[in-house]
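Student: I have a new structure to look at. Can you put it up and walk me through it?

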Amino acid sequence: MSLTILLLLALGLGLAGWLAARSRAWAFRRASGASAMAALPSYHGWYVALWIVVPMVLFIALWSIVGPHLVSQHVLASPAAADLPAFGFQRESMLAEARAVAMGTAPAVFNDQARALVEPYREAIGRYQAIGIVVTLILGFLGGVWAFLRIKPDFAARTRVERTIMVVLLLASLVAILTTLGIFASLVFETIRFFGMVNPIDFLFGTHWGPDPMSSAANPDPSRYGAIPLFWGTIYIGAIIAMIVAIPLGLMSAIYLTQYARPSVRAWVKPALEILAGVPTVVYGYFAALTVAPAIRDLALAAGMSNPSSESALAAGLVMGVMIIPFVSSMADDSIAAVPQAMRDGSLAMGATTSETIRRVLVPAALPGIVAGIMLAISRAIGETMIVVMAASTAANLSANPLEAMTTVTVQIVAMLTGEGSFDHPATLSAFALGFVLFLVTLGLNFIALRVVKRFREAYE
Amino acid sequence: MVTVIHPNLDDTEAKMSARDVSVFYGDKMAIDHVSIDIPTKYVTAFIGPSGCGKSTFLRTLNRMNDTIPSARVEGEIVLDGEDIYRSKMDVVQLRARVGMVFQKPNPFPKTIYENIAYGPRIHGLAEGKQELDAIVETSLQRAGLWNEVKDRLEDSGTALSGGQQQRLCIARAIAVDPEVILMDEPCSALDPIATAKIEELIDELNGRYAIVIVTHSMQQAARVSQRTAFFHLGKMVEYGRTSDIFTNPLEERTKDYITGRYG
């Protein structure tokens, strides 16, 4: 509550500083003329406002982290805390109870010992809150005064404001990068723990997958952690079956859209295709599990197969292929459109037909871009989770028969993490190792694809 | 306003004739009732300020304007007595007979050999590898490029210099043995030395093919052509022997343009 008020106060002070600085700058401007000013008056306003708001906000953030620690230290130093149990669960719960009452979030204490602590807590919270508010205000005031005094006609307020904006933008982009690094680090850490229990060789090259979360965590059976069937299932569903569907359809639709479609047709076919990319993958999952998979099973039955699986790799792969079509199509579309019009004209002027021009000039010229698009599509397909979780099975089969049930890396990650094993059991930790392998593979594919695309672009610039 | 045609044009066989040709981009008229005979044995130059429609008119001669959806052509263009827009002749045949060289060299991203072999292949002109080799060699020789590239026919066409690329494009056009070659400012992206080579080449090709060249450079028109047509604002203002156009222009606008008063 007081935090909100404090932040509002900071903004209010900032506004006051802004107005004051701007009018001061206007006064300078009237006195010495517009050409003598190094910046517009509003920039002086922003400069002062930043000097008020930024220190205040930073201190509020700092204080909301440090403050509670200071409060508990103060409470623990009080005589009432001497009776507390030395450590452990009881001590923590009493402190928490007393604090809750002191802050008014709990009505009363259960524990008598806690009651004695309420008063010290109330006093400490009040005191540190007051200190916080005072220091915040002082900081804002000092910052404002300092900045205000720097306003002179030739003061380059604009440059400083611009620089501050740049720093803010830089911090925003760092957040994304640091998050990626953090995710990567946590994956690596857990993967190393897993490889401490199961030999990486057994994991990467074993052909039997069947971790048992109920077995003893101390000495896992390495022969149950062979991930080859998962890798195979992932590649078979995501990179083979899905691509057999997505590459021809995506490429052909891109060729139609760039070379044959009239603008009016293109205007509605292209958005329709993009909507396909916007369908949540869980919806594709329903479609695969409820419509495609049973249809394939019925077909297999009609063809005379005995007891076909209802969770075939084919169903998941087909639907995933449909999902990927827009990616292949839009990448191919971009690469074909990037081939200069002069190539196309040159070929047409030789008397080539549109399809000859596409086959012999445009597609070969656009090939690097198309290949890169396909690699991005594969990387997306093998990382795709919902479709396979819903339509593929959890049975790890090493088979080339598309009608057989197969599982993928992502399915097993979900299965292992949502299982009943504890977080230090190798079965659970194997999810991190699988995720790590998947991460490396998709990262590699994306990296290569982006490099290819970059070189391709350079070739035509 | 009709085109002024110089009276002392000698009677020569016309390869292509345009009669009252107008071109529209949507509602905008880009070419306004142009009539001209393109002689078989001469180089014809189209000159005029930017945006006067000379390139647009050139592109109607092999129907390259078909690739622009909003473009519409009215009037009649005849190649050896056949209307190229309305007869049974299709664009594939037409473009095999009327080749084109573009403003910027545009070799395909293929080998030098494949660039030349492209046309003969799609039109089925060669039976077997030997015939194709012969066509490639003759075309490169006629384009004056053979000696420079004969040892590296498998290199990429895009690795050649700008002037060589443009000669490669001319060789590519020659390879299907066209009757007319259209050149749309073929030297505007080249340096003076490469330009001189292309002009020399045009002189050599003159007589074997009917050549139409669009150019911004009046010196170039004077050097390489025997017939000149001056275009202005979508109209053909004046047409005659190149020497007459440059020494004795009949129209005020032509005179202003060639003396450098505008454009």
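Student: How many residue pairs are in polar contact across the interface of chain A and chain B?

Tutor: The rule finds five, with both residues at pLDDT 80 or more. A polar contact is a pair of N or O atoms within 3.5 Å; within protein, one must be able to donate a hydrogen and the other to accept it, and residues adjacent in sequence count only if both atoms are side-chain atoms. This is a predicted model, where local features need pLDDT of at least 70, side-chain atom pairs count only at pLDDT 80 or more, and totals for chains, interfaces and linings use all residues. Residues are numbered from 1 along each chain as its sequence is written.

Student: And how many salt bridges across that interface of chain A and chain B?

Tutor: Zero by the rule, which asks for a side-chain nitrogen of Lys or Arg within 4 Å of a carboxyl oxygen of Asp or Glu.

Student: Which helix gives the most to the side of chain A that touches chain B?

Tutor: α11(A), with seven residues. Helices are DSSP runs of H or I, at least four residues, numbered from the N terminus.

Student: Where is there a salt bridge, then?

Tutor: One pairs E123(A) with R127(A), whose closest N and O atoms are 3.0 Å apart. Both lie in helix α4 of chain A (residues 112-150), four residues apart, about one turn of the helix. An α-helix has 3.6 residues a turn, so residues three or four places apart point the same way.

Student: New topic: where is the kink in α7(A) centred?

Tutor: On M243(A), and the kink is about 50 degrees. The bend is the angle between axes fitted to the seven residues ending at a residue and the seven starting there.

Notes. Chains are lettered from A and ligands numbered from 1 in the order in which they are written. Side-chain values use heavy atoms; hydrogens and water are left out. Helices (H or I, at least four residues) and strands (E, at least two) are DSSP runs, numbered from the N terminus.
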